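Biologist: I'm new to reading models like this one. Can we go through the terms one by one, and can you tell me what backs each of them up?

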Amino acid sequence: MTDKSDFLYPRSRYYGKFSPENLAFDANLQEFAQKVNYICGLETGGKISPDQAYEDIKGLWKQLKKSKKELGIGDPPIQPE
């Protein structure tokens with residue numbers, strides 16, 4: 001029997017340039033996308049208001065940006081002197 005979390009939070013393989021930071025950010029990005037999908041479904045179904053959906057997604061976006069900054073994704077590589 002498969003784990004329930006595998007069904008609720010599916011993960012795709014990572015095909016980009018490997019580094020631990022890139023792999024961690026990819027996992028964070030997939031989690032962000034999955035949660036946004038759930039929030040959109042709740043808003044579309046009338047379970048939460050558009051304002052609540054916006055605030056929830058805004059909070060998730062801030063967490064993703066913080067993750068990107070902490071992992072150093074997109075920063076130029078440090079050049080040895």
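Biologist: Where is Ile57 found?

Modeller: Ile57 is found in helix 3. Helices here are DSSP runs of H or I with at least four residues, strands are E runs of at least two, and both are numbered from the N terminus. Before we go on: this is a predicted model, where local features need pLDDT of at least 70 and side-chain atom pairs count only at pLDDT 80 or more, while totals for chains, interfaces and linings use all residues. Residues are numbered from 1 along each chain as its sequence is written, and side-chain values use heavy atoms, with hydrogens and water left out.

Biologist: What does the whole chain look like in those terms?

Modeller: The chain has three helices and zero strands, and along the sequence that reads α-α-α.

Biologist: Why does Ile57 count as partly exposed?

Modeller: Buried means under 20% relative accessible area, exposed means over 50%, and partly exposed is in between (1.4 Å probe, protein chains only). Ile57 comes out at 24%, so it counts as partly exposed.

Biologist: And why is Phe32 called buried?

Modeller: Phe32 lies in helix 2, and its relative accessible area is 16%, so it is buried. Ser67, in helix 3, is buried too, because its value is 10%. Over the chain, buried residues make up 16% of the 81 residues.

Biologist: Which residues does Phe32 touch, leaving aside neighbours within four places in sequence?

Modeller: Phe32 is in contact with Ile57, Leu60, Trp61 and Leu64, where contact means heavy atoms within 4.5 Å. Phe32 and Leu60 are 28 residues apart in sequence, with their C-alpha atoms 6.6 Å apart in space. Not counting residues up to four places away, Ile57 touches Phe32, Val36, Ile39 and Cys40, and Ser67 touches Phe25 and Asn28.

Biologist: What makes helix 2 and helix 3 roughly antiparallel?

Modeller: Helix 2 (residues 20-44) and helix 3 (residues 50-71) pack at an angle of about 180°, with axes 10 Å apart. Those axes are lines fitted to C-alpha atoms over the stretch in contact, and angles run from 0 to 180 degrees between N-to-C directions. Under 35 degrees counts as roughly parallel, over 145 as roughly antiparallel, 65 to 115 as roughly perpendicular and the rest as oblique. Helix 2 and helix 3 are therefore roughly antiparallel.

Biologist: How many nonpolar residues does their contact have?

Modeller: The contact of helix 2 with helix 3 has 14 nonpolar, two polar and five charged residues. Nonpolar covers Ala, Val, Leu, Ile, Met, Phe, Trp, Tyr, Cys and Pro; charged covers Asp, Glu, Lys and Arg; the others, Gly among them, are polar.

Biologist: What lines the largest pocket?

Modeller: Eleven residues line the largest pocket, and Ser19, Asn22, Gly72, Gly74 and Asp75 lie nearest its centre. By class, the lining divides into four nonpolar, four polar and three charged residues. A pocket is an open set of points on a 1 Å grid over the protein atoms alone, where a 1.4 Å probe fits, with protein on both sides within 12 Å along at least five of seven lines; lining residues have an atom within 4 Å of a point.
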